Amino acid sequence: MMLIKNATLYAPEYRGLADILVVGEQVVQVSAPGGSSALPNTKEIDARGRAVCPGFIDNHVHVLGGGGGLGFRSRVPELQTSQLTRVGTTTVIGMLGYDQSTKDMRGLLGKTKGFIGDGISAFALTGATLRHPVPTLTGDLCDDIAFIDSIIGVGEISISELGYGYDSLGPGAQYIAETLVQALLVGRLAGKGGILCLQVPPYFEQCLKPLFEMLDKSHMPIEQMVPSHVNQTDGYMADAITWGNRGGWVDVGANYRPDNHYARSTQPAEAVTQLIEAGVPLQKILISSDGNGAPPKEEKGEAVPTRANYGHVGSLHMVWRQLIEQDRLKPEEALTLVTSNVATAYHLKNKGRVDVGMDADLVFFDENWNVDTVVARGKVMVEDRNIVVRGMFETTILEGLK
Ligand SMILES: [Zn+2]
């Protein structure tokens, strides 16, 4: 048991001062301060002066490491648990990226189970960016979603990797449509979202246009897809505004920034403002890191890229804090983009809120919105800025022989 006292609670809506009682992995009571009494052997944390919020959900992370695309030396290492918890992320949705040659679904599921063993929550999407049909664990996309608990959808699937428009002319959109309907229907069978995460190369002004055409023809629900990093170019942002106004999710990429070598991108915090001002409902906007990948840098004048552009998972927290500090959104509004909206989009029933019956995924922030303490599934992972739980080999790798 754990009793968190005197928290300034954002659930994500502002709830004022509260005590939060945790039993096992769940929140069992939220009451006014002093409203809960601790039994013996209950861990008590006085959260006075700190905001307690739902743990962040990062919906797009290359947990095995991205492919790099600059030879085998640029294969990114696997993400470690404390890289997520130290930035307030307690739930991660992992997926393969463009390297489906040296990384596969077995590795992804192994990594997902490892995260769960460490104490955080982890889910996976079946598939990979480029290959159609997508690689799967069982040999069948529907079986993956139906029978593997951790697999909740499909992605990230590119409609046309690297911007060459050939796939967008027909087969790409057709394949997305086929995959979409399979994931949707088997998701209903298995009681999961069956959501499809889309990689949309924003070149040749195609962006989401083949998908609008596909939706117009098929009448499939737009909410089954999550287009990623919509702030990559102005053209993609324009399509994302239409997408959001038609009821679709729009996912802003926290690592897609001009100061992070994406010269044509809109700053993520500014992108959120632009989407809202253009009429996209706040509850349809998500932010993800697309972290632990390393696409080649977009260098001007270079025919062939020579450097990889690593995406930090910590960008999610950084952009979220910017939304508050730059007075773009109130804390409780900004929180929805990384907590409750994501849980709704991906049908994660026990995630994204602090309330009775929900998983005890909690982040405590200091007055400057720095991550102070993190609880994941009722277990303290970070306390007073010190990392309490690490992956099994993190310390050994970081500190070497002793
Ligand atoms: Zn990605």
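Helices (H or I, at least four residues) and strands (E, at least two) are DSSP runs, numbered from the N terminus. The model is predicted, with local features requiring pLDDT of at least 70 and side-chain atom pairs counting only at pLDDT 80 or more, while totals for chains, interfaces and linings use all residues. Residues are numbered from 1 along each chain as its sequence is written, and side-chain values use heavy atoms, with hydrogens and water left out.

**View A. Ser288 in strand 13.** Ser288 belongs to strand 13, which spans residues 285-288. With a relative accessible area of 1%, Ser288 is buried (buried means under 20% relative accessible area, exposed over 50%, and partly exposed in between, with a 1.4 Å probe and protein chains only). Apart from neighbours within four places in sequence, Ser288 is in contact with Asp58, Asn59, His60, Asp251, Val252, Gly253, Ala254 and Leu316; contact means heavy atoms within 4.5 Å.

**View B. Arg257 and its surroundings.** The loop between strand 12 (250-253) and helix 7 (268-277) holds Arg257. Arg257 counts as buried because its relative accessibility is 9%. The side chains of Arg257 and Ser315 are joined by a polar contact of 3.4 Å. Such a contact is a pair of N or O atoms within 3.5 Å; within protein, one must be able to donate a hydrogen and the other to accept it, and residues adjacent in sequence count only if both atoms are side-chain atoms. Beyond neighbours within four places in sequence, the contacts of Arg257 include Tyr262, Gln267 and Met318.

**View C. Helix 2 and its ends.** Helix 2 (residues 105-118) has 14 residues and reaches 20 Å from its first C-alpha to its last, close to the 20 Å expected at 1.5 Å a residue; the expected span is 1.5 Å times one less than the number of residues. Asp104 caps the N-terminal end of helix 2, with a side-chain oxygen 3.3 Å from the backbone nitrogen of Arg106. After helix 2 comes Gly119, whose phi is positive, near 130 degrees. Among the buried residues of helix 2 are Met105, Leu108, Leu109 and Phe115. The buried residues of helix 2 pack against several elements, including helix 1 (81-85), strand 8 and strand 9 (151-158).

**View D. The second largest pocket.** The second largest pocket holds about 280 Å³ of space. Of its 18 lining residues, Phe123, Asp149, Ile152, Leu348 and Lys349 are the closest to its centre. On a 1 Å grid over the protein atoms alone, a pocket is an open set of points where a 1.4 Å probe fits, with protein on both sides within 12 Å along at least five of seven lines, and lining residues have an atom within 4 Å of a point. Grid points are joined across faces, edges and corners, and a volume is the space filled by probe spheres set on the points. Strand 8 (residues 121-126) gives the most to this lining, with three residues.

View E. The peptide bond from Ala11 to Pro12 is cis, with omega near 20 degrees, and Pro12 lies in the loop between strand 1 (2-10) and strand 2 (14-23). The bond from Gly155 to Glu156 is also cis, with omega near -15 degrees; Glu156 is in strand 9. Asn41 has a positive phi, near 65 degrees, and is exposed, with a relative accessible area of 81%.
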